[in-house]
Amino acid sequence: MTQDNPKPETLAAKIGVYICHCGGNISDHVDVETVRRRVEKMPGVAVARTNMFMCSDPGQEMIAEDLKSGTVDRVVVASCAPSLHEKTFRSAIQRAGANPFIYEHANIREQVSCVHHGQAATDKATVLVAAAAAKAGQLKPLTPIRVPALRHATVIGAGAAGLSAARDLADSGIPVTLIEKSSFLGGQLARLDRIAPTGDLAADLVRQLVESVLNHRDITVLTDAEVVGFEGYIGNFKLTVRRGQPAVEPATEPRYIPFSGMQPAGTGADKPGDLTVETGAIVLATGFRSYRPRQGEYGFGDFSPVITLPDLIRKMAERHVPGNMLTIDGRQVRAVAMIHCVGSRQIPGIHPEDENGHLNEYCSRVCCTATLNAADRIRQAYPGTRVYELYRDIRTYGRDQEELYEQAGRNGVVFLRFEAENAPEVLPADPGDGFALKVKVTDTLTFGETLEVPADLVVLATGMEPNDVSDLVEMMKLPVGTDRFLLEVHPKLRPVEMPVAGIFVAGTCQAPFDVGEACNAAGAAAVKAAALLGAGQVELDPFVAEVDVDRCRGTGACIEACLNPGALSLVEMQIDGQTVQRARVTPALCLGCGACVAVCPENAIDVCGMTLRQYEAMVDAIVEN
Amino acid sequence: MTTATRSRGNKILVLATESCAYPGADSVGQAHSSYPANVYILRVKAPVLFPDRFYIDCFDKGIAGIVVMSCGEECPYDGAYHALAKRLDRVYQEMKARDIDIRRLRLTAICTVCNRAFLNEVNQMNAVVGELNN
C-alpha cells in the first residue's frame with residue numbers, strides 16, 4: 001500500500017462530526033440520531049452532534065465552540081451537497097481560528113436522503129460519514145498558495161465581448177491590453193445593422209464601446225496583433241504579441257468589409273515586430289465566425305441569388321434603395337425565401353461532415369431571431385416583397401424575442417416547416433414564370449404537402465462557429481468541447497473560468513450567444529479577473545501536488561505525466577553531500593489533477609487535501625462499515 | 001494468478017469528477033430518482049490520480065464494482081481522459097490475470113445533467129454485481 005504523502009500529523013486527530021437534519025429533508029429519511037450514535041464510537045471521532053440546520057448560525061457556532069475549546073481539530077459535516085455549503089463550513093472553521101482545510105464533507109442529502117429511504121438510507125449515511133471521518137483523520141492544515149499578481153489584464157479579441165471586458169476591467173482600475181487580430185474593432189457586431197429585438201443600431205453600440213475603450217487611459221489597444229507566445233501562470237503571464245501582420249482570412253471567407261459600425265483603430269502594420277506583454281490575467285474573447293455553406297448547399301455558390309443572412313444584412317444596410325420592393329444587387333426582389341438552421345443542428349447521417357470531419361450538432365440559438373428580425377424589416381420597409389420562412393423549429397428564447405415571431409405572422413410572413421431528412425431544394429425557376437429560383441419544400445404544417453415557393457432571393461440563416469484559435473488552445477492548454485467552442489470549468493458553477501487559473505472566457509468563443517449575452521459574460525469575466533488581481537496577489541486553493549523529497553529519486557516520471565508543462569520540473573539539490581535531481585512543483589501552475597501521483601514509482605508525490613492514502617482510507621471505511 | 005481477496009460484498013464504488021459526474025449525481029438526487037443504496041460516490045478532481053494498483057486493491061478489499069465517471073472528452077484537464085483510458089486498459093489486463101471479472105470495472109463519461117446516464121450506469125453495474133455474486 002502507499003504511504004502518506006505529505007506525512008500525517010503525529011498526534012491522533014480529534015474529529016468532530018456534525019450531522020444535519022436539514023429541516024427534515026435528511027432526517028425524514030435518515031435516522032440521524034442512529035447515525036450519530038454509530039459514528040461517535042468510530043476511531044478518532046471525539047464528538048458527534050446533530051442540528052436541525054447545521055448551516056444556520058447556531059449550527060456553525062456549535063462547530064466553532066468545539067474547535068475553540070480544543071475538543072476537536074478536524075471537522076466533518078454531514079449535510080447537503082458540498083457545492084452548497086462546503087465554503088460555508090470552511091469559513092466557519094476559519095472564523096473559529098482554525099485552518100479551513102481540516103474539513104471534509106459527507107453528502108447525505110442529495111446522495112442519500114433524496115434517493116434512499118428507511119434503513120438503507122440510515123446505513124448508507126453511516127458509511128459515508130465513516131468514510132469522511134477516515135479522510136478527515138488524515139487531513140493536515142494547508143496554506144492557500146499566494147502569488148504576487150500583476151495588476152494588469154489582457155483581453156484577446158476586440159468584438160463586443162472583448163471591448164466590454166476591457167472597458168469593465170479598466171473601470172475597475174485594472175490596466176488592460178486589448179489585442180485584436182484584425183485592423184478593426186467591433187468584431188462581428190460591426191457587421192450587423194439593427195439588433196433584435198430592441199432595434200438598436202449595431203453601429204451605435206460599437207461606437208459607444210469603441211470610444212469608451214479608445215478614450216480610456218488604462219487601455220492599450222493593439223490591432224493587427226496576434227499572440228504567438230505564452231508562458232507563466234496566474235498573476236504572472238508573459239505573452240509575446242506579434243504586430244504588423246493583418247489577419248488573413250481563408251479564401252472561402254467573405255472579405256472582412258468594414259461598413260457603418262466598423263471602427264478603424266490605427267494599425268500595427270506600421271510598427272511591425274514582437275512585443276512582450278506581462279499580465280496577471282487573460283480574458284479570451286476570440287469570438288465566432290458565421291458558418292459558410294459548402295458549394296451547392298441549398299444552391300449556395302451555384303445560384304448568385306442564394307446568399308447568407310449576414311450577406312443580406314450587410315447588403316440591406318449598405319445600399320438602401322427606397323421603394324415598394326426590396327432591391328438587392330440592383331435586382332428587385334418580389335419574393336424571398338429564408339431557410340433556417342443552415343450549418344446548425346446538423347445530424348449525423350443526414351448532413352455531411354465538413355472537410356475536417358466536423359458536424360455542427362448544436363443549435364446556434366440566435367439565427368431564428370435574427371432571421372425573423374430581417375423578415376419583419378423587409379415586410380415593413382418593402383411591403384411589395386413577399387417573405388417565406390422555411391424552418392425546422394423556431395427558437396426565440398430571450399426577452400421580447402417571441403414578439404418578433406408573432407410580429408412576423410402579423411406582417412404576412414409565410415411559414416413553412418420542414419423535417420431535417422427532407423430538406424428544401426433550391427432549383428432554377430421554371431422558364432417563363434419570371435422568378436430567379438424556386439424552393440421545393442415538403443411542408444409539415446400542411447400535412448406533408450409539397451410546395452414550390454418562387455423566389456428572387458434565397459437567404460440562408462447560417463449558424464455560428466467558433467473562430468479557429470487552435471494556436472491559443474495549444475499554447476495555453478485550453479480545453480475545447482466536441483463542438484469546438486472553448487470549454488469553461490463548469491457551465492453553471494464557474495461559467496467564465498478556464499481550468500488554467502487566471503484565464504477567463506467571454507462571449508461567443510464559448511458558445512453561441514447574442515450580443516447581450518456576450519456582454520453579460522464579458523462583464524462576469526471582467527469582475528472575476530478584477531477581483532483576482534485587485535489585491536496585488538492571488539490566493540489559490542492549496543490542492544496541488546507536493547513532492548516528498550525524502551522519497552523522490554528524480555525519475556522524472558511525474559514530469560512526463562504532467563498535463564500542464566512547467567508545473568513540475570527536475571531541479572538539482574544537495575542531499576547528504578551529494579548533488580541530486582528531485583522533482584519540484586510550481587504550485588501556481590499545478591492543476592491538481594494528480595496525473596503525476598499515479599505514475600510515481602516511489603509514491604513520492606501526492607495532491608494536498610486529496611492524497612491517495614486518504615482515498616484508500618475512505619475505501620477501507622466503505623468496505624468495513 | 002488469483003489473489004486471496006476478502007469476501008466480496010455488493011458495494012459499488014463510483015469515482016466521480018468534481019466538475020462533471022459528482023454534480024451529476026447530485027442532480028439525480030435533486031430529481032429524487034432512486035438508485036441502489038450500495039452505490040458509494042467519491043468526489044475526485046480527476047480519476048487520472050489513481051494508479052493501476054488502486055483499482056486492484058479496491059477489489060482485493062472487497063469492493064464489488066467500480067464505475068469511473070469521468071468528464072470524458074470534455075475533461076477540463078487536457079490529456080487526462082486519454083491517460084486514464086490507457087491506464088484502465090492495463091487494469092483490465094491485470095484483472096484478467098487475477099481472475100477478476102472485467103465487468104466489475106467501467107469507465108464512462110457523465111456530465112452535470114446526465115441523470116439518465118448516471119442511473120443506467122449504476123443500475124447496470126448493480127446488475128453485474130448481482131449476477132457475479134450469485
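Over which residues of chain A does the pLDDT stay under 50, and how many contacts beyond four places in sequence does the model have for them? I start there because where pLDDT is low, the predicted coordinates should not be read in detail. The stretch is residues 1-10 of chain A, with 25 such contacts, where pLDDT is the predictor's confidence in each residue, from 0 to 100, and two residues are in contact if their C-beta atoms, placed from the backbone, lie within 7 Å. Residues 250-256 of chain A also have a pLDDT below 50, and the model gives this stretch 5 contacts beyond near neighbours in sequence. Chain A as a whole averages a pLDDT of 92, and 94% of the residues score at least 70.

This is a predicted model, in which local features need pLDDT of at least 70 and side-chain atom pairs count only at pLDDT 80 or more, while totals for chains, interfaces and linings use all residues. Residues are numbered from 1 along each chain as its sequence is written, and chains are lettered from A, with ligands numbered from 1, in the order in which they are written.

In chain A, the domain assignment, automatic or from a database, gives domain 1 (10-141), domain 2 (153-287 + 467-538) and domain 3 (297-464). The C-alpha centres of domain 1 and domain 2 of chain A lie 44 Å apart.

Now to two helices, which, like strands, are DSSP runs numbered from the N terminus (H or I, at least four residues, for helices; E, at least two, for strands). Among the buried residues of α9(A) are A:Cys367, A:Asn373, A:Asp376 and A:Arg379, and their cover includes α8 (309-318), β21 (335-342) and α10 (401-410) of chain A.

In α7(A), the buried residues are A:Ala202, A:Ala203, A:Leu205, A:Val206, A:Leu209, A:Val210 and A:Val213. Seen down the axis of α7(A), they fall within an arc of 160°, taken from the directions from the axis to the C-beta atoms, so they line one face of the helix.

Finally, the contact between the chains takes 38 residues from chain A and 39 residues from chain B. On the side of chain A that touches chain B, the largest share, 7 residues, comes from α15(A).

How values were computed: A residue is buried if 20 or more other C-beta atoms lie within 10 Å of its own, exposed if 12 or fewer, and partly exposed in between; C-beta atoms are placed from the backbone.
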